[in-house]
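Here is a short briefing on a structure.

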Amino acid sequence: MLSTAQHIIEEIKPVFNTRHNKNELMLALQRSLQRYNQWDEPGFRETVNEFIAHESQTTCSIRLGEEDLRAVWMG
């Protein structure tokens with residue numbers, strides 16, 4: 001599970017470098033996570049969500065709340 005989460009984190013890292021608008025960031029994350037939205041292993045989404053929340057805040061100055069983090073998996 002951790003290696004899968006790490007793989008996804010590596011895959012979505014570039015998304016944060018070019019997104020400065022919340023809607024744009026959310027759409028890019030939804031597209032990137034689309035193929036993983038059926039995965040429901042314990043702790044998997046939490047690990048990825050922690051990374052997303054941290055990167056969006058530090059790199060893009062965009063705060064994503066719990067509802068936003070749930071929404072990125074619905075793409």
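Helices (H or I, at least four residues) and strands (E, at least two) are DSSP runs, numbered from the N terminus. The expected span of a helix is 1.5 Å times one less than its number of residues. This is a predicted model: local features need pLDDT of at least 70, side-chain atom pairs count only at pLDDT 80 or more, and totals for chains, interfaces and linings use all residues. Residues are numbered from 1 along each chain as its sequence is written, and side-chain values use heavy atoms, with hydrogens and water left out.

**Helix α3**

- α3 has 17 residues. From first C-alpha to last it reaches 23 Å, close to the 24 Å expected at 1.5 Å a residue.
- Its buried residues are Phe44, Val48, Asn49, Phe51, Ile52, Glu55, Ser56 and Cys60. Buried means under 20% relative accessible area, exposed over 50%, partly exposed in between (1.4 Å probe, protein chains only).
- Seen down the axis of α3, these buried residues fall within an arc of 160°, so they line one face of the helix. The arc is that of the directions from the helix axis to the C-beta atoms.

**Nonpolar core**

- The largest nonpolar core has 22 residues. Such a core is a set of buried Ala, Val, Leu, Ile, Met, Phe, Trp, Tyr and Cys residues joined through side-chain atoms within 4.5 Å.
- Ile12, Leu29, Val48 and Ile52 have the most contacts inside this core.
- At least two core residues come from each of α1 (2-12), α2 (22-33), α3 (44-60) and α4 (66-72).
- Neighbours within four places in sequence aside, Ile52 is in contact (heavy atoms within 4.5 Å) with Ile12, Phe16, Leu29, Leu33, Leu64, Leu69 and Val72.

**Thr47**

- Thr47 sits in α3. It counts as partly exposed because its relative accessibility is 25%.
- A polar atom of the Thr47 side chain lies 2.8 Å from the backbone oxygen of Gly43.
- Thr47 and Ala5 are 42 residues apart along the chain, yet their C-alpha atoms are separated by 6.7 Å.

**Ser61**

- Ser61 is in the loop between α3 and α4. Its phi is positive, near 55°.
- Most residues other than glycine have a negative phi.
- Ser61 counts as exposed, because its relative accessibility is 61%.

**Asp68**

- Asp68 belongs to α4. It counts as buried, because its relative accessibility is 16%.
- The Asp68 side chain reaches the backbone nitrogen of Gly65 at 3.0 Å.
- Leaving aside neighbours within four places in sequence, Asp68 is in contact with Lys22, Met26 and Arg63.

Definitions and conventions: A polar contact is a pair of N or O atoms within 3.5 Å; within protein, one must be able to donate a hydrogen and the other to accept it, and residues adjacent in sequence count only if both atoms are side-chain atoms.
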